[in-house]
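Notebook open, model loaded. I want to go through the helices, then the contacts, then the overall shape.

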Amino acid sequence: MSNVKVIPNHPFEINCKMTYNDAAQIHQRVMRMWAAAENPGDFELLDELQDKLESILFLLKNRLES
């Protein structure tokens, strides 16, 4: 029998992980949307979404690694 003690994650960290996964899924959807974009407004929207999502993913990843 092992003497390893399992320490549960802090609820905030669990929520950060779930949010990271959700943001990553949305980021993948935005990447796929580039193929359907047709006008300059579409491209601007996708570029803005992609930048913001990458920023969110970066912040969450840094928090989870600290």
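I started with H2, which has 26 residues and reaches 37 Å from its first C-alpha to its last, close to the 38 Å expected at 1.5 Å a residue. For the expected span I take 1.5 Å times one less than the number of residues in the helix. Helices (H or I, at least four residues) and strands (E, at least two) are DSSP runs, numbered from the N terminus.

Note on what I'm looking at: this is a predicted model, where local features need pLDDT of at least 70, side-chain atom pairs count only at pLDDT 80 or more, and totals for chains, interfaces and linings use all residues. Residues are numbered from 1 along each chain as its sequence is written, and side-chain values use heavy atoms, with hydrogens and water left out.

I checked the N-terminal end of H2 and found Asn 39 capping it, with a side-chain oxygen 2.9 Å from the backbone nitrogen of Gly 41.

Next I asked which residues of H2 are buried. They are Leu 46, Gln 50, Leu 53, Leu 57 and Leu 60, where buried means under 20% relative accessible area, exposed over 50%, and partly exposed in between (1.4 Å probe, protein chains only). I see these buried residues packing against H1.

Gln 50 got its own look: its relative accessible area is 16%, so I log it as buried. Leaving aside its neighbours within four places in sequence, Gln 50 is in contact with His 27, Val 30, Met 31 and Trp 34; contact means heavy atoms within 4.5 Å.

**H1**

H1 covers residues 11–33, 23 residues in total, and spans 33 Å from first C-alpha to last, close to the 33 Å expected. I list Cys 16, Ala 23, His 27 and Val 30 as buried there. What covers them includes helix H2 (40–65).

Ala 24, also in H1, has 26% relative accessibility and therefore counts as partly exposed.

**Salt bridges**

How many salt bridges does the structure hold? I count 2, a salt bridge being a side-chain nitrogen of Lys or Arg within 4 Å of a carboxyl oxygen of Asp or Glu.

One is formed by the side chains of Glu 13 and Arg 63, at 3.9 Å, N to O. This pair links distant parts of the chain, with Glu 13 in helix H1 and Arg 63 in helix H2, 50 residues apart. Glu 13 is partly exposed at 27% relative accessibility, and Arg 63 is partly exposed at 32%.

Lys 52 and Glu 48 also meet in a salt bridge, at 3.1 Å, N to O. They sit 4 residues apart in helix H2, so about one helical turn separates them. Glu 48 comes out partly exposed, with a relative accessible area of 43%.

**Whole chain**

I count 2 helices and 0 strands in the protein chain. Its radius of gyration is 17 Å, well over the 11 Å that the globule rule gives for 66 residues, so the chain is more spread out than a compact globule. That radius is taken over C-alpha atoms, and the rule is 2.2 Å times the number of residues to the power 0.38. The C-alpha atoms fill a box of roughly 60 × 20 × 15 Å along the principal axes.

Of the 66 residues, 15% count as buried. Last entry: among contacts between residues at least 6 apart in sequence, 59% join residues at least 24 apart.

Key: A polar contact is a pair of N or O atoms within 3.5 Å; within protein, one must be able to donate a hydrogen and the other to accept it, and residues adjacent in sequence count only if both atoms are side-chain atoms.
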